[in-house]
Amino acid sequence: MNKLPVQTRVQILQVLCEGSSMRSVSWATGVSINTVSKLLIDAGLACAAFHDKTVRGVAAKAVQCDEIWSFAYAKQKNVKFAKAAPEEAGDVWTWTAIDADSKLIVSWHVGDRSQHTGIAFMGDLKARLANRVQLTTDGHKAYLKAVAAVDFDADYAMLNKIFATDYAGAGRYSPPNCIGAVKQAIMGEPDPDLINTSFAERQNLTMRMSMRRFTRLTNAFSKKFENHCHALALYFVFYNFCRVHKTLGATPAMAAGLIDRVMKMTDVVALVDAANPVPAVRGPYKKRETEEISN
């Protein structure tokens with residue numbers, strides 16, 4: 001069974017987390033696009049399992065939640081016109097929860113923007129926390145029902161932003177200017193000074209800069225929903241465990257006390273290898289014996 005050298009796989013995964021597209025990675029490394037895709041799938045599965053196992057019992061003070069939009073195959077409004085669009089085609093929302101102090105992505109979930117996805121997201125977040133936290137979200141109403149549905153024990157507040165109506169025209173892409181925000185206590189006794197979503201929103205920018213498939217106004221968007229999820233799983237392990245935060249001087253996982261060292265991309269490759277052990281190669285005499293028995 002042929003396998004790429006460790007250094008080549010490290011290079012591929014590293015540049016995938018630094019904003020390069022799969023096609024450009026294929027060209028730069030001289031590896032076929034199918035091999036890059038297969039490595040992404042294997043790494044995504046291994047990283048998702050690693051995050052699920054490791055990011056547990058997180059001691060946090062304030063957690064901020066937000067959602068970031070992308071799409072797979074086609075935008076939702078264009079799915080009905082797309083040729084042979086798969087069932088998962090359309091808008092894709094990634095829900096994230098970040099610890100305001102350690103900058104750790106505690107939980108993430110991919111789906112639509114409905115309350116059903118919100119309930120699954122909040123249930124996962126609740127299971128990963130070790131203590132009562134102050135929770136802040138934006139004004140998306142799905143959060144209200146989601147927090148109540150999972151019986152989230154938190155001091156919960158919403159930050160409702162007020163936007164100006166200064167659109168430059170129908171073709172303008174940028175959102176209107178934010179001219180204010182209203183802090184609304186929903187449950188418990190949230191500290192007004194901790195009602196904030198800035199870290200979660202800044203994380204959204206980091207995601208768009210680190211994953212080419214999140215870049216707007218290009219053709220680098222995800223063609224398959226599954227690959228979109230695999231890329232996210234790889235990115236979140238890279239962000240939490242491998243990427244040193246400039247302000248903290250450590251990785252978010254180190255700041256949160258989940259690990260005591262900076263992981264390298266070679267460690268991620270080791271996770272992939274552990275999840276996909278190479279089967280033993282049988283000699284030709286074994287093959288002949290099998291053929292004789294089958295005949």
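Predicted model: local features only at pLDDT ≥ 70, side-chain atom pairs only at ≥ 80, totals over all residues.
Reader: How many salt bridges does the structure hold?

Author: The general idea comes first. Side chains of opposite charge can pair when their charged atoms come close. In this model there are 11 salt bridges.

Reader: Take D273. What does its side chain meet in a salt bridge with K3, and at what N to O distance?

Author: The D273 and K3 side chains meet at 3.4 Å, N to O. D273 sits in helix α9, residues 265–275, and K3 in the segment before α1, so the pair ties together parts 270 residues apart in sequence.

Reader: Where does R9 lie, and where does D273 lie?

Author: R9 also forms a salt bridge with D273, with the closest N and O atoms 2.7 Å apart. R9 belongs to helix α1 and D273 to helix α9, so this pair ties together parts that are 264 residues apart in sequence.

Reader: Is R9 buried or exposed?

Author: R9 is buried, at 7% relative accessible area. D273 is partly exposed, at 27%. K3 is partly exposed too, at 38%. The cut-off needed here is that buried means under 20%.

Reader: Which residue forms a salt bridge with R132?

Author: D155 does, and the closest N and O atoms are 2.7 Å apart. The pair links distant parts of the chain, 23 residues apart. R132 is in the loop between α4 and β4, while D155 is in strand β5, residues 154–163. R132 counts as partly exposed at 39% relative accessibility. D155 counts as buried at 16%.

Reader: Which residues are linked in a network of salt bridges?

Author: D52, R56, D124 and R128 are linked in such a network.

Reader: Which strands pair with β1, β4 in what sense and β2 in what sense?

Author: β1 and β4 run parallel, joined by three bridges. Across that pairing, Q64 stands opposite T136 in β4. β1 and β2, residues 90–99, pair in the antiparallel sense over 10 bridges. There, E67 has W95 of β2 as its bridge partner.

Reader: On to the core. Which residues touch the most other members of the largest nonpolar core?

Author: That core has 73 residues, and M122, L125, L135 and F152 touch the most other members. Helix α7, residues 225–242, gives the most to this core, with 12 residues.

Reader: What is L135 in contact with, leaving aside its neighbours within four places in sequence?

Author: The list is V63, C65, M122, L125, V147, F152, A154, D155, Y156 and A157.

Reader: Last, the surface. Which residues form a nonpolar patch there?

Author: L144, I186 and M187 form the patch, with about 200 Å² of accessible area together. L144 is placed in helix α5, residues 142–149. L144 counts as partly exposed, at 35% relative accessibility.

Notes
Residues numbered from 1 in each chain as written. Heavy atoms only, no water. Salt bridge = Lys/Arg side-chain N within 4 Å of Asp/Glu carboxyl O. Helix = DSSP H or I, 4+ residues; strand = E, 2+ residues; numbered from the N terminus. Buried < 20%, exposed > 50% of the residue type's maximum accessible area, 1.4 Å probe, protein only. Pairing = 2+ DSSP bridges. Core = buried A, V, L, I, M, F, W, Y, C linked by side-chain atoms within 4.5 Å. Contact = heavy atoms within 4.5 Å. Patch = residues over 30% accessible without salt bridge, like charges linked within 9 Å, V, L, I, M, F, W, Y side chains within 5 Å. Areas by Shrake-Rupley, 256 points an atom, 1.4 Å probe, with all protein chains shown as cover.
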